[in-house]
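Please read each point with the structure open.

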Amino acid sequence: MPEGDTIYRTARALEKALGGKVVTGFETGFAKLASVNDDSSVVGRTVEKVEARGKWCLIFFSGDLILVSHMLMSGSWHVYRVGEKWFMPRSKMRVVITVRRTASASSDSLAENAVRGFPSEMTNKERGEGFQAVLFNAQVAEFHTSRSLERSSQVPKLGPDVLAGEFSVDAGVAALRERKRTHPNDEIAVVLLNQRVIAGLGNVYKSEVAFAAGVNPFRRMSTITEAEMVAMVEASLKWMKANVLDGVGPRGETGEGIVTYSGPRRTTHAMDRSDRTWVYGRQGMECRRCGTAVMMRKQGEQVRSTYWCPQCQPWVGEGDAPVGRATKLARVARKIGC
């Protein structure tokens with residue numbers, strides 16, 4: 001599932017490609033979106049701005065119309081030149097927004113380079129006459145007005161967004177403190193995934209943030225100290241901001257040594273794909289700090305994989321410490337009988 005940093009980068013790229021431009025084409029595979037478009041056409045409206053709120057992407061059109069989308073497990077926005085071949089089949093298309101070019105070639109070049117890495121020396125004709133933003137595989141996409149968005153049961157109920165400009169460590173700690181007060185038996189890793197507590201953190205950051213603070217991910221909120229809350233929020237802010245930096249590093253990577261547009265997110269300083277996290281995805285491997293085998297166990301109602309080091313993240317609480325697998329189960333090929 002795309003996490004908050006991925007949606008933040010998506011919104012930034014869409015803003016570069018679509019922001020301030022007039023919509024010349026709109027197409028969708030969702031009946032509800034098509035119905036709204038039939039009654040009040042999207043074509044002719046201007047894209048005013050694109051925002052990320054936690055794991056939600058919001059595209060604001062003139063005339064008080066907002067397209068709200070959530071990627072869930074497999075959705076993604078792509079940006080193409082008009083007429084360019086899509087990377088995915090049309091059957092996976094959910095929304096297409098086409099905009100015409102503006103007189104400014106520089107802003108269009110920025111969008112192309114940010115999303116696809118197109119050469120800046122391409123002519124306008126080679127680039128095509130505009131951009132297409134295509135939403136693939138998403139299961140959630142809705143139109144709202146400002147008023148209906150306020151009444152929505154999901155987006156306005158989000159907790160403080162780690163990547164929002166107004167986010168602070170104090171705000172994040174306050175959200176965790178309140179959850180501890182109201183839900184003392186919640187497991188901390190489940191709370192970190194709860195978008196109504198803190199918005200933007202996903203399954204990778206959940207494990208990484210708990211490791212950074214030395215907190216066992218299965219501990220109850222009642223056992224979490226103020227200092228541990230601060231450590232987890234500080235790590236969340238540091239790593240998520242690092243993974244959305246918009247610049248070019250010494251090796252050509254995006255964002256001062258942090259790969260943001262390709263490859264998995266990073267919480268370490270390593271460039272190798274297999275060394276970019278402390279514990280996530282490292283089941284059975286040696287902990288980078290103490291050498292103990294990293295464990296994995298499914299957790300919560302969503303049965304998400306949680307990774308931790310039992311030595312660096314000691315158990316605190318009643319009962320025995322949770323035990324996970326330190327070895328991966330081998331896949332067994334099965335024949336299907338007639």
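1. Surroundings of arginine 45. Apart from its neighbours within four places in sequence, arginine 45 is in contact with Lys21, Val22, Val23, Ser40, Phe61, Ser62, Gly63 and Leu65. The model is predicted, and these contacts should be read accordingly. Arginine 45 itself belongs to the loop between α2 (31-39) and β2 (47-53).

2. Most residues other than glycine have a negative phi. Aspartate 64, although not a glycine, has a positive phi of about 60 degrees; it is located in the loop between β3 (56-61) and β4 (65-70). Its relative accessible area is 39%, so aspartate 64 is classed as partly exposed. Valine 303 also has a positive phi, near 55 degrees, and sits in the loop between β9 (295-299) and β10 (304-308). Valine 303 is partly exposed because its relative accessibility is 47%.

3. Faces of helix α6. The buried residues in α6 are Gly172, Val173, Ala175, Leu176 and Arg179. Viewed down the helix axis, these buried residues fall within an arc of 155 degrees, and therefore line one face of α6. They pack against α7 (188-193) and α9 (226-242). The face turned away from the buried side carries the exposed residues Asp170 and Arg181.

4. Glutamate 178 and arginine 181 form a salt bridge through their side chains, at 2.6 Å from N to O. The two residues are about one helical turn apart because they are separated by three residues in α6. Arginine 181 is exposed, with a relative accessible area of 60%, whereas glutamate 178 is partly exposed at 38%.

5. Other salt bridges. The whole structure contains eight salt bridges. One of them joins the side chains of arginine 9 and aspartate 5, at 3.8 Å from N to O; both residues lie in helix α1 (residues 4-18), four residues apart. Arginine 9 is buried at 11% relative accessible area, and aspartate 5 is buried at 0%. A further salt bridge links glutamate 228 and arginine 219, at 2.9 Å from N to O, and both of these residues are buried. Salt bridges with shared partners also join Lys49, Glu51 and Arg53 into one network.

6. Overall composition. The secondary structure comprises nine helices and ten strands. Of the 338 residues in the protein, 50% are buried. Among contacts between residues at least 6 apart in sequence, 65% join residues at least 24 apart.

Note on methods
Residues are numbered from 1 along each chain as its sequence is written. This is a predicted model: local features need pLDDT of at least 70, side-chain atom pairs count only at pLDDT 80 or more; totals for chains, interfaces and linings use all residues. Side-chain values use heavy atoms; hydrogens and water are left out. Buried means under 20% relative accessible area, exposed over 50%, partly exposed in between (1.4 Å probe, protein chains only). Contact means heavy atoms within 4.5 Å. The arc is that of the directions from the helix axis to the C-beta atoms. A salt bridge is a side-chain nitrogen of Lys or Arg within 4 Å of a carboxyl oxygen of Asp or Glu.
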